[in-house]
Amino acid sequence: MGHTHDHGNHHDHAPKLDHLNTAFIVGIILNSAFVVIEAIVGFAQHSLSLLTDAGHNLSDVASLALALLAFKLSKMRASNTYTYGYRRSTIVVSLLNAVILVAAVGIIAYEAILRIGHPEPISGITVAWVAFAGIAVNGITAWLFMKDKEKDLNVKGAYMHMAIDALVSLGVVVSGIVIYFTKWYWIDSAVSLIIVVVIIAGTWRLLMDSIRLEFDGVPKQMDVDKVKAELLKAHGVKDIHHLHIWALSTTENALTAHLVVDAVSMSNFDSVKKDLRHRLEHLEIQHSTFEPELADDHCTQTECTLDTPLQEHTHDH
């Protein structure tokens, strides 16, 4: 039995995120300008906290640029070499951004631990004002991504970067004010370490989700049992095996499956296929490939004899 392919050109259920180009560009410009200002003031005031934060913000600029590049690449046409196009670049970048965020946190923690033992006198009020500007810049950028953050891992990553940076800046504001009134310079490092814990807690899920997609895992929001149950509702479909679901990009998912169908449905599989595709689109799966089989057909592929634990029915081939 040959393969029947249906890659579903109907993407009505895929998130439309083209408007985010502007959000990324505005975010890159705002944060680049703030990095320059923060670095200049940090050097002038000998403030390690501002310089560290400037370095963290610079990593955010790089992350936003990578995410924008990934969105551009995902729109490029497929070729004979890259038959799916460059959609997967969005997954690679989401993982890279998560790694960058974790690395930046590590640098902050390292610097904070060093400063606790050797605090340097700094101008608390200057640090507080510059950090306050950082809250505004990062807050505005985070707001640009807020409404779309659950639709795409790269958008969520950008939102997380900006929201966490706003939190970092808030911590620096508080420490600057406390230092101004008390001259307790160690407060700066203590606040930084508290922020590090908060960042790790918020970033870990993003990192795990990105790794999951990179290894062709089932997207987190997808319930395989629910997908299978929905496909089995289609007229003529008696059983399903060799079922695979993975992400083509951070916004598009794909599925392949072997379908056991009755003889009547086999002769009119186009209508069955249309029904299946419609059901999958409502489950956020935009690309599908099916191989129909009659109940007495023998699937010779290794995967069929090693059916996944997800399957309720085991076929003796």
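1. Four helices, α2 (48-74), α3 (89-117), α5 (153-182) and α6 (187-214), each put at least two residues into the lining of the largest cavity. Helices here are DSSP runs of H or I with at least four residues, strands are runs of E with at least two, and both are numbered from the N terminus. α3 gives the largest share of that lining, with 4 residues.

2. A word on where this comes from: the model is predicted, so to speak of local features pLDDT has to be at least 70, side-chain atom pairs count only at pLDDT 80 or more, and totals for chains, interfaces and linings use all residues. Residues are numbered from 1 along each chain as its sequence is written, and side-chain values use heavy atoms, with hydrogens and water left out.

3. Back to the cavity. The search works on a 1 Å grid over the protein atoms alone, and a cavity is a set of points where a 1.4 Å probe fits but cannot get out; lining residues have an atom within 4 Å of a point. Grid points are joined across faces, edges and corners, and the volume is the space filled by probe spheres set on the points. The count comes to 1 cavity of 30 Å³ or more, and the largest cavity holds about 100 Å³.

4. Who lines it? Ser49, Thr52, Asp53, Ile108, Glu111, Ala112, Arg115, Val168, Val172, Ser192 and Ile195 line the largest cavity. By type, the lining has 5 nonpolar, 3 polar and 3 charged residues (nonpolar: Ala, Val, Leu, Ile, Met, Phe, Trp, Tyr, Cys and Pro; charged: Asp, Glu, Lys and Arg; polar: the others, Gly among them).

5. Next, the aromatic rings: the whole structure has 5 aromatic pairs. Rings of Phe, Tyr and Trp (its six-membered ring) pair if their centres lie within 6.5 Å, and planes under 30 degrees apart are stacked, over 60 edge-to-face, the rest tilted. Phe24 and Phe145 have ring centres 4.8 Å apart and planes at 50°, so this pair is tilted. Phe24 sits in helix α1 and Phe145 in helix α4 (residues 124-146), so the pair links distant parts of the chain, 121 residues apart. Phe24 is buried at 0% relative accessible area, and Phe145 is buried at 0% as well (buried is under 20%, exposed over 50%, partly exposed in between, with a 1.4 Å probe and protein chains only).

6. Another pair is Trp129 with Phe132: the ring centres are 6.2 Å apart and the planes stand at 80°, so it is edge-to-face. Both are in helix α4, 3 residues apart, or about one helical turn. Trp129 is exposed at 59%, while Phe132 is partly exposed at 49%.

7. In helix α1 (residues 20-45) you will also find Ser32, which is partly exposed at 30%. Its C-alpha lies 8.1 Å from that of Asn57, 25 residues apart along the chain.

8. Now the strands. β2 (residues 237-247) is mostly covered, with 9 of its 11 residues buried. It pairs with β3 (residues 253-261) in the antiparallel sense over 8 bridges; two strands pair if DSSP finds at least two bridges between them. A hairpin of 5 residues joins β2 to β3, and Ala247 stands opposite Asn253 in β3.

9. Last, helix α9 (residues 269-281): among its buried residues are Phe269, Val272 and Leu276.

Notes:
On a 1 Å grid over the protein atoms alone, a cavity is a set of points where a 1.4 Å probe fits but cannot get out, and a pocket is an open set with protein on both sides within 12 Å along at least five of seven lines; lining residues have an atom within 4 Å of a point.
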